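Please read the following note with the sequence and the model side by side. Each point takes up one part of the fold.

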Amino acid sequence: MTYSDFSDNAKSYLEKILAILDIEASVLEEGLDENTICYRINCKADDARILIGRNGQTLEALQFVVRQMCRSGGSEEQKPFLIDILDYRDRRKRNIEEQAKKAAVAVLNGDSERVALTPMNPFERRLAHQYLQIDFPDLVSHSEGEGMDRHIVISYGGMPGYAQASDQSSDKETDEAKLSSAE
């Protein structure tokens with residue numbers, strides 16, 4: 001199956017699902033980068049709310065179903081794609097970055113030592129981690145929790161190079177201990 005066939009199948013499956021749901025919409029294919037396609041669904045706002053669902057859960061499920069349909073359609077090599085509805089993903093990304101920024105400023109201002117963000121799916125957590133690494137390099141972010149409660153915690157990472165120096169000194173002490181025990 002060629003890239004064009006895969007693309008046609010994914011778009012066709014998506015259009016069929018929308019027709020079954022009796023939602024009038026247009027599906028536009030747009031390249032995000034050289035490997036990833038975005039299928040943008042333009043529809044009425046009420047229909048968009050149904051398709052997006054709470055916190056994008058229905059949108060993620062729709063994307064999963066279309067991927068599975070493409071796999072069962074005989075595609076050996078699946079091309080990555082996203083489904084977006086009325087630019088929901090861009091708005092959500094800006095919202096995540098705004099949340100992360102507020103939490104980062106609270107940590108930097110000393111209002112709190114650690115700030116936990118609301119639970120997010122893996123893709124959204126990755127967006128937040130990347131944003132924090134680029135815009136707030138003095139801070140550390142990590143994920144905590146399980147399943148639907150998994151969230152990001154932001155804290156102060158200390159002076160640049162400080163963590164490396166302390167790690168190196170503990171490694172040096174460990175190496176010295178190994179040498180003295182070998183003698």
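The points below treat the basis of the model, the sheet, the helices packed on the sheet, a helix pair and one further helix.

1. This is a predicted model, in which local features need pLDDT of at least 70 and side-chain atom pairs count only at pLDDT 80 or more, whereas totals for chains, interfaces and linings use all residues. Residues are numbered from 1 along each chain as its sequence is written, and side-chain values use heavy atoms, with hydrogens and water left out.

2. An open sheet is formed by 3 strands in the order β1-β2-β3, with mixed pairing. Strands β1 and β3 stand at the edges with a single partner strand each, so one side of each has no neighbour in the sheet. On average, neighbouring strands of this sheet are turned by 20° against each other, direction ignored. Strands (E, at least two residues) and helices (H or I, at least four) are DSSP runs, numbered from the N terminus; two strands pair if DSSP finds at least two bridges between them.

3. Strand β1 (residues 25–31) runs antiparallel to β2, to which 7 bridges join it, and a hairpin of 5 residues connects β1 to β2. Strands β2 and β3 (residues 81–85) pair in the parallel sense over 5 bridges.

4. Strand β2 (residues 37–43) is largely enclosed by the rest of the structure, because 6 of its 7 residues are buried (under 20% relative accessible area, 1.4 Å probe, protein chains only). In this strand I37 stands opposite F81 in β3. Helix α3 packs on the sheet, touching β2 and β3, and its direction makes about 140° with that of β3. Helix α4 also packs on the sheet and touches β2 and β3, but its direction makes about 90° with that of β3. Angles run from 0 to 180 degrees between N-to-C directions, and axes are lines fitted to C-alpha atoms, for helices over the stretch in contact.

5. The axes of helix α2 (residues 45–52) and helix α3 (residues 57–72) come within 5 Å and cross at roughly 70°. That makes α2 roughly perpendicular to α3 (65 to 115 degrees). Contact (heavy atoms within 4.5 Å) brings I50, L51 and I52 of α2 to Q57, T58, L59 and L62 of α3.

6. In helix α5 (residues 122–135), the buried residues include E124, R125, L127 and A128. Their cover includes α4 (88–108), β5 (139–144) and β6 (151–156).

How values were computed:
Buried means under 20% relative accessible area, exposed over 50%, partly exposed in between (1.4 Å probe, protein chains only). Angles under 35 degrees count as roughly parallel, over 145 as roughly antiparallel, 65 to 115 as roughly perpendicular and the rest as oblique.
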